[in-house]
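Student: I am new to this structure. Could you show it to me, and then let me ask about the words used for it?

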Amino acid sequence: MATGELYFADEKARRNYKIKTVVVNILLYGFLTIFALFMLVPFIFMLVGSFIDTLAFNQFTATGDFAFLAFDNWTVNNYVKIFAATTTNSMGVEVERTSFAQYFLNTFVVAVGSTLVTVITSVLSAFAFARLEFKGKNLLFTLLLSTMMIPGEMMVITNYQTTIAFGWESTFAALIFVHGVSIFYIYYLRQTFQQIPNELYLAAKVDGVGDIGYLWKVMLPIGMPTVMTIVILSLMGAWNSYVWPQLVANGMYRYDSDYDMRLVSNGLMALFQGDFGNDNTAMIAGSTVVTAPLFIFFLIFRKYIMRGVSRSGIKG
């Protein structure tokens with residue numbers, strides 16, 4: 001009998017097992033397909049709706065006619081509207097406004113900056129708690145973990161007061177450094193670093209390699225899947241952030257009154273409440289533009305998340 005092949009007393013048992021396996025697979029994949037459709041249909045509707053003329057879309061929502069799916073009704077005017085640097089007011093006069101591209105640039109700067117700071121603090125802290133020996137290490141780590149029990153909303157006022165005291169209101173520093181430390185990421189990366197045998201660290205010490213050299217040459221390459229997971233999650237968190245940017249950067253730059261500091265989240269909301277308050281398809285196009293980069297980014301790098309999660313759950 002081949003390795004891994006199940007043993008059956010007779011042919012009837014083998015046949016029943018195969019039938020049961022097929023039925024279970026059909027039910028499983030059928031459920032997953034239905035679940036996937038429930039998840040995808042709103043995104044498909046959003047994508048298609050972003051290319052439809054406003055009048056045609058309003059007619060669809062009023063009558064339920066699916067004729068709007070026809071390609072002859074599609075247009076890119078909605079995307080032109082949100083990225084335009086001017087708009088027409090109720091008096092028919094063109095006025096300048098912030099292009100959605102500005103919000104994209106701001107968000108990119110904040111996402112990359114905050115992720116870089118988060119990775120640096122997480123790597124150094126995780127290495128210290130996983131490998132170095134110093135007095136009070138376990139107590140300090142326990143105190144840090146206990147802060148995870150405090151809801152983030154309770155820290156908003158304190159963070160805001162600190163930002164005001166530092167003079168960071170309406171600056172990139174307020175958006176970058178406030179999210180520069182994550183206790184969860186430190187804990188997550190520490191678990192990965194602890195799986196690396198301590199003998200490697202001792203051997204590196206014998207060879208004269210310093211702590212930073214050992215971290216750079218040994219621990220980081222081994223823990224790279226976890227580090228990549230932190231990078232991806234941090235970028236996605238910064239991109240989706242709304243409450244904090246709305247509080248500290250919902251207007252012009254502190255040192256340049258002509259520079260709009262808003263990110264894609266609160267910038268999109270401002271467009272919804274202002275220029276495109278009655279333009280449904282323009283709002284849908286804005287939502288699509290905000291969602292698409294994250295969706296594509298996740299599809300490209302999802303394997304790193306899976307690999308990091310699987311590695312963090314293995315001891316060795």
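Tutor: Start with Trp239, which is buried, at a relative accessible area of 11%. A word on the source: this is a predicted model, where local features need pLDDT of at least 70, side-chain atom pairs count only at pLDDT 80 or more, and totals for chains, interfaces and linings use all residues. Residues are numbered from 1 along each chain as its sequence is written, and side-chain values use heavy atoms, with hydrogens and water left out.

Student: Why is Trp239 called buried?

Tutor: Buried means under 20% relative accessible area, exposed over 50%, and partly exposed in between (1.4 Å probe, protein chains only). Trp239 has 11%, so the word is buried. Phe104, at 18%, is buried too.

Student: What makes Phe104 and Trp239 an edge-to-face pair?

Tutor: Rings of Phe, Tyr and Trp (its six-membered ring) pair if their centres lie within 6.5 Å; planes under 30 degrees apart are stacked, over 60 edge-to-face, the rest tilted. Here the centres are 5.4 Å apart and the planes stand at 65°, so the pair is edge-to-face. Phe104 belongs to helix H4 (residues 100-131) and Trp239 to helix H11 (residues 224-240), so the pair ties together parts 135 residues apart in sequence. Helices (H or I, at least four residues) and strands (E, at least two) are DSSP runs, numbered from the N terminus.

Student: Which residues do ring pairs link into a cluster with Phe104 and Trp239?

Tutor: Phe83, Phe100 and Tyr103 join them. The structure holds 18 aromatic pairs.

Student: Why is the pair of Phe31 and Phe35 called stacked?

Tutor: Their planes are at 20° and their centres 6.3 Å apart, so the pair counts as stacked.

Student: What makes Arg190 sit over the ring of Phe141?

Tutor: A charge sits over a ring if NZ of Lys or CZ of Arg is within 6 Å of the ring centre and within 35 degrees of the ring normal. The charged end of Arg190 is 4.1 Å from the centre of the Phe141 ring.

Student: How do you know which residues line the second largest pocket?

Tutor: On a 1 Å grid over the protein atoms alone, a cavity is a set of points where a 1.4 Å probe fits but cannot get out; a pocket is an open set with protein on both sides within 12 Å along at least five of seven lines, and lining residues have an atom within 4 Å of a point. Met39, Leu40, Phe43, Met236, Thr291, Leu294, Phe295 and Phe298 line the second largest pocket. H1 and helix H14 (280-312) each give two or more residues to its lining. The largest share, four residues, comes from H14.

Student: Where does Thr288 lie, and is it buried or exposed?

Tutor: Thr288 lies in helix H14. Its relative accessible area is 9%, so Thr288 is buried.

Student: What is Thr288 in contact with, leaving aside its neighbours within four places in sequence?

Tutor: Contact means heavy atoms within 4.5 Å. Thr288 contacts Met46, Leu47, Ser50 and Tyr79. Leu47 is 241 residues away along the chain, yet the two C-alpha atoms are separated by 6.3 Å.
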